[in-house]
Amino acid sequence: MSEIFHTRLQSGNNSYRELFKRHPSNPILTARDWPYPANSVFNPAVTMYEDKVLLLARVEDRRGFSHLTKAISQDGITGWQIDAQPTLAPEPEIYPEEAWGIEDPRITYIEELEQYAVTYTAYSHGGPLVSLALTKDFSTFEKLGPIMPPEDKDAALFPRRFGDKWVLIHRPIPASYGAAAHTGAHIWISQSTDLKYWGDHQILINARKGGWWDANKVGLSPPPLETPAGWLILYHGVRQTASGAIYRLGMALLDLENPFRVLRRSDEWVFGPTAPYEREGDVDDVVFPCGWLLDKTSGQVKMYYGAADTCIALATATLSDLLEYIKRCPEPKAEDYLM
Ligand code: BMA
């Protein structure tokens, strides 16, 4: 589709109101910016570290394997200082589940531990699974190993306990997925007393069915964002089409004290691939954020995302717009949650 035609599609008087605004210098980071050869840099986690924006990007090499490398910037847009070698590399000799690389990190600062928790996908010979590492400084990491067996991805921790339990959101894929259309890949939530052994699993956000944009497969995108109205969730829905999958984003709101309770869920997607760098790349039509930052002073939310599995882009929204939107969304119906 030509860019001119595309712009016309997006800018009519009858267009949808967009909550997120793309940064004009997108993509803000590509493989060309990297200090060593890389095929692609995408799907970054983000956190504030020593008053700077720290991205932990997925970097794919020409074998097809990924590792994680940090990039730090004062303004979160320019002047990135990128580690000259992988920051968190797969170590298959010690952690065999990292045989085919590590991918798609999410960062949660855990005040009780005074450490950052990094959940990531380890690509094992048995399929992708969820691993956890802790760090104080993003230079040395304590790997805790796999916390969910395959196939499981898209995991993030809440920053504090609820009662005595840590809580994790993640997305297992049932063995029957694909074979039987009635079994979708849903977002699950689980509890633990020690961050290592998890139980009390239940579905949190189900993949819808049929014609929905988020039919059959959904997954958490960035970690839950704490707001006065509840935990704000951004999740991806994967729609299969005749020309491949389209990754788009929807929102949900969880109860602040009981994150197992979904208060609201958007029917529509709020962000999808439309810019050329999102529409075309190693994997076309993908927007995939693994982190967002709330500036409590300005109320601005910065969403960092992988575009088309090739580069890193930034889009911003205001928290008040996001909350106003999600509060107007429907409450999920009980029948949506039949397991
Ligand atoms: C998902 C993950 C992401 C990737 C997306 C689109 O399953 O592997 O890393 O961005 O597919 O290819």
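The structure described here is a predicted model.

Strand 17 covers residues 244–254. Of its 11 residues, 9 are buried, so strand 17 is largely enclosed by the rest of the structure. Strand 16, formed by residues 230–241, runs antiparallel to strand 17 and is joined to it by 11 bridges. Within this pairing, G237 has R248 of strand 17 as its bridge partner.

| Cis peptide bond | Omega |
|---|---|
| N26 to P27 | about -10° |
| P150 to E151 | near -10° |

P27 belongs to the loop between strand 1 (21–22) and strand 2 (40–49). E151 lies in the loop between strand 9 (141–148) and strand 10 (152–157).

Positive phi values are the next topic. E50, a residue other than glycine, has a positive phi near 50°. E50 is located in the loop between strand 2 and strand 3 (52–60). Its relative accessibility is 63%, and E50 is therefore counted as exposed, the cut-off being over 50%. D104, also not a glycine, has a positive phi near 45°. D104 is part of strand 6, which spans residues 102–110. With a relative accessibility of 6%, D104 counts as buried, for which the cut-off is under 20%.

Terms used
Residues numbered from 1 in each chain as written. Predicted model: local features only at pLDDT ≥ 70, side-chain atom pairs only at ≥ 80, totals over all residues. Heavy atoms only, no water. Buried < 20%, exposed > 50% of the residue type's maximum accessible area, 1.4 Å probe, protein only. Helix = DSSP H or I, 4+ residues; strand = E, 2+ residues; numbered from the N terminus. Pairing = 2+ DSSP bridges.
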